[in-house]
Amino acid sequence: MTPELYRQLLATTTGALLLTAVLQVWGRSLLRSIALLAVQGAALAALVLTVGLHAGEPEAPLVALLVLVVKSVLLPWAMFRSARLVGETRERAAQVSTAVELIVAAGLTLLAYVVSGPILGPDAAGQAVPVGLSLVLLGFWQLLVRGSAITQLAGFLLLDNGIAAVSFLTSGGLPLTVELGASLDVLLVVLILGVLVVRLQRQQGHADITELRELHD
Amino acid sequence: MAALIWLPLLLPSLLAALGFGLRRRRWTMWLPIAAAAVVLLAGIALLVAVQGSGAVVTGAGLLRADPLSAWLLSVVGAVAVISLWGGLPEPGTEERAGGVHAALLCLFLAAMTLAVTADNLGLMWVAIELTTITTAFLVASGGGRNALEAAWKYVVLGAVGVAIAFLGIVLLSAASQGGGEATLSWTLLLQRAPVLDPALLRVAGALTVLGFATKAGLAPMHAWLPDAHSQAPAPVSGLMSGVLLSVACYAILRVQAVVDAGVGPELMRILLLTGGLLSLAVAAGLVLTQRDYKRLLAYSSIEHMGLLALGAAAGGQLAIAALLLHMLGHGLVKATMFVLAGRISSLTGSHRIADVHGLLQRRPDLGSPFLLGAAALLGLPPFVTFFTEVAIVVAGFSRGLTLPFLAACGLLLLGFAGIARQVLAMTVGAGRVRGAAGGSAASPSTAPGSGWPRRAPVVVALGLTAVLGFAAWPLAGTLLAAVAALGGVR
C-alpha cells in the first residue's frame, strides 16, 4: 500500500464514520438510524482493514471480518428485530429540534478536536483520533436527549463504534481475545436491552423512556 | 496450581449449563450455592498456594492469581455463600423459572471470578461487562414496571459507564507502545510504568477509573444503584451490594497502581477523594429522608464505597489492608442485611419503612439480627467494620489529608444518624406489623421460616464479622501480601 493510498483510504473511512454519525443525530426515523449503523459498521471494518494492512498485521482481515459481521450485520439485525417487535418506525416526540441538534453536533465535533491533544498520535492514523472521539461524544448526546428506547440503543452503539475507532487508530486494536470478548459483550447488551424494550412496550404501550420516573427519592 | 484458577471459572459455568438444561427441577436452586462454595474454597486454597510459591499464571498469561486476586476471590465466595444460602426460598413456596435464575447466578459468579483473576485489563473489562449482562434479567425478574425501569437504567448506565472504562483501557494500550509491543497485561504495564507515555497515561487512567467508578456506585455516577439494588430479589441485591461493587473497586485499585507508578499519586488521589466525599455526601443526605428500607441499604452501600475510595486515595499499607478487610466485613454484613430485608418484605408485603414497626418484639428472629447488622454497617465495635473504618481514617490523617478526612468524618456521622434513626424506627417500639399476613397471632417460635436452617447463615455472617476484628491477626500476613501485590507501598 502506498502512503498516498493509505492516507486516502483513512480519510475516506473516517469521513464515512463521521458522516453517518452526524446523519444519525439529524434524523428522526428509526429505520434509517439502523441502516446508518450498518453503513457505519462497514466503514469501521474498512478502517480496521486499512490500518491493519498498513501495519502489516497478519490477523487484520480476520479482525475486519469480525467487526463487519458484528457491527454491520448482527447488531443492526438485533436492533431491527426489537424495532419491529415494538412496532415503531419513527420517534414519537423530540425534546430538541433538528437545527439545534445539528449545531450541537458541529460543536461536539469541534470539541473532540480541541480536547484530543494529548492522545493524538504522530502518524496519519493517530491524527484521525478526533473522529473516534466525535463519535463517542455524539453517542453521549443521543443518549442524553433522545426519548425513544430504540434511539438510545443507537446512541450506545454510536458510542461503542467511536471507542472501537479510537482503539484501531491509536494502537491498531486490542488482542483478538479481548476484541472477541468485547464484541460478544456489546452484542449481549444490545440483545438484553432489546428484550427489555419489548417488555417495556407491553407494559406502557410505547417504547419511550422519558416516562421511566417511578423510582426516585 | 493452575487448576485452582480454572475450577472456579469452569465449574460454575458447568453448573449454569445444568441449570439451563433442567430448569424445571426444584433442586436447581442449590446450584448457585454449590458454585459459591467452589469459589470460596478455591479462593482460600489460592491464598495458601500463592503465599508459598508466588503468583499462579495460566491461560497463556491471561489469567493470574496473586495474593490480591486470591483475597478478592475468597471475599466473593464467602459473601456469595451467605447471600445465596440466606436467600433460599422458604420451604413450601413455589419458585418460577428457578433453573434459569440459578444458572444466571452461577454465570454471575464465574464472571466475577474472571474479573479478579484476569491479568489482562481488557479481559477484566470483558468480565465486568459480563457481570452487568448476567445480572440484568435478575434485576428485572421481579416483574412489573418498577423492576423493568430499574433494569433498564442499570443496563444502560452500567454499559455506558463501563464503555468509558473501555475507552480508557484502549488508551492505556496505546500508552504502552512506548516500551515496545502494545500490551494490556497488568504486570507488564506495572513494570513498564516509568516508560509509558505520561500524557496518554493520565487521560487513560482518569477515563478507566471514571468508568469503573460507575460500576462501583461512586457518586456522581451512582444513579442506577439504589434502583437496581432495591428492585432485585434479596440474594441478588446482597451479591451486587456485597461483592460486585467491591470487584469494581478492585479494578480501580489495579488501574490506580499503574497510573501511580507512572505519573505519581496526585491524579488518582484527587479523583478518588472527590468521588469518595461526594458518595458520602449523597448517602448522608438521602438516608435521612429515605422511606424504603432496601433503598436505605443501597445508600449505605454507596457510603461504604465512598469510604473504600477514600482509603484508596490515602494509599499506603494501613489504608489498603484496612480497605481489603473492609470489603469482607461490609460484604458479609450487607449480604445479611439484604437477606433479612427480603424476609421482612415477604412478611409485610412492602418495602416501606413506615410499614415496619417493633420488629424486635414482633419477630425477634428478624429484628435482633437486623439491629445488630445495622450496628455493624454503622461501624460500631465489636464488628470488624469499626476497626477498618478507624484504620482508613487514621491512615488518611497520617498521609496529611487532614481536610478531606475531617469532612469525611462529619459526613459519616451524618449518615450514622440517618441510618440509626431509620433502623431504630423499624426495630424498637411496640410490636405491630401493618399489613402482616396472619395478624399478630403467630408467635416467634412458630412463625414460618424462623427455624435454624434459615437462621444459620445470618448468625454465621454476623458472628464472623464480630470476631474478625479481634481474630484478624492470622489474616495480617495475607492482607499485607495482597497489599504488596499492588506494587509495594507508595
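**Figure 1. Overall fold of chain B.** The secondary structure of chain B in this predicted model comes to 19 helices and two strands, where helices (H or I, at least four residues) and strands (E, at least two) are DSSP runs numbered from the N terminus. The radius of gyration of chain B, taken over C-alpha atoms, is 21 Å, close to the 23 Å that the globule rule gives for 490 residues, so chain B is as compact as a globular protein of that length; the rule itself is 2.2 Å times the number of residues to the power 0.38. Along its principal axes, the C-alpha trace of chain B spans about 75 × 55 × 45 Å. Of the 490 residues of chain B, 61% count as buried, a residue being buried if 20 or more other C-beta atoms, placed from the backbone, lie within 10 Å of its own, exposed if 12 or fewer, and partly exposed in between. Residues are numbered from 1 along each chain as its sequence is written, while chains are lettered from A and ligands numbered from 1 in the order in which they are written. Because the model is predicted, local features need pLDDT of at least 70 and side-chain atom pairs count only at pLDDT 80 or more, whereas totals for chains, interfaces and linings use all residues.

**Figure 2. The side of chain B that touches chain A.** Here 37 residues of chain B are in contact with 33 residues of chain A, contact meaning that the C-beta atoms of two residues, placed from the backbone, lie within 7 Å. The elements of chain B that give two or more residues to this side are α5 (121-140), α6 (144-175) and α8 (198-216), and the largest share, 18 residues, comes from α6(B). By residue class, this side of chain B divides into 27 nonpolar, six polar and four charged residues, with Ala, Val, Leu, Ile, Met, Phe, Trp, Tyr, Cys and Pro counted as nonpolar, Asp, Glu, Lys and Arg as charged, and the others, Gly among them, as polar.

Figure 3. With 32 residues, α6(B) reaches 46 Å from its first C-alpha to its last, close to the 46 Å expected at 1.5 Å a residue, where the expected span is 1.5 Å times one less than the number of residues. Because 29 of its 32 residues are buried, α6(B) is largely enclosed by the rest of the structure. The 19 residues of α8(B) should span 27 Å, and its end C-alpha atoms, 26 Å apart, agree with this. α8(B) is mostly covered, with 14 of its 19 residues buried, and just after this helix B:Gly217 takes a positive phi of about 75°.

**Figure 4. Domain 1 of chain B against domain 2 of chain B.** An automatic or database domain assignment divides chain B into domain 1 (1-119), domain 2 (142-264) and domain 3 (268-490). The C-alpha centres of domain 1 and domain 2 of chain B lie 21 Å apart, and the contact takes 15 residues from domain 1 and 14 residues from domain 2. On the side of domain 1 that touches domain 2, α3 and α4 (98-117) of chain B each supply at least two residues, and α3(B) gives the most, with seven residues.

**Figure 5. Surroundings of B:Leu68.** B:Leu68 is found in helix α3 (residues 67-86) of chain B and is buried, with 24 other C-beta atoms within 10 Å. Not counting residues up to four places away in sequence, B:Leu68 touches B:Ala482, B:Ala485 and B:Leu486.
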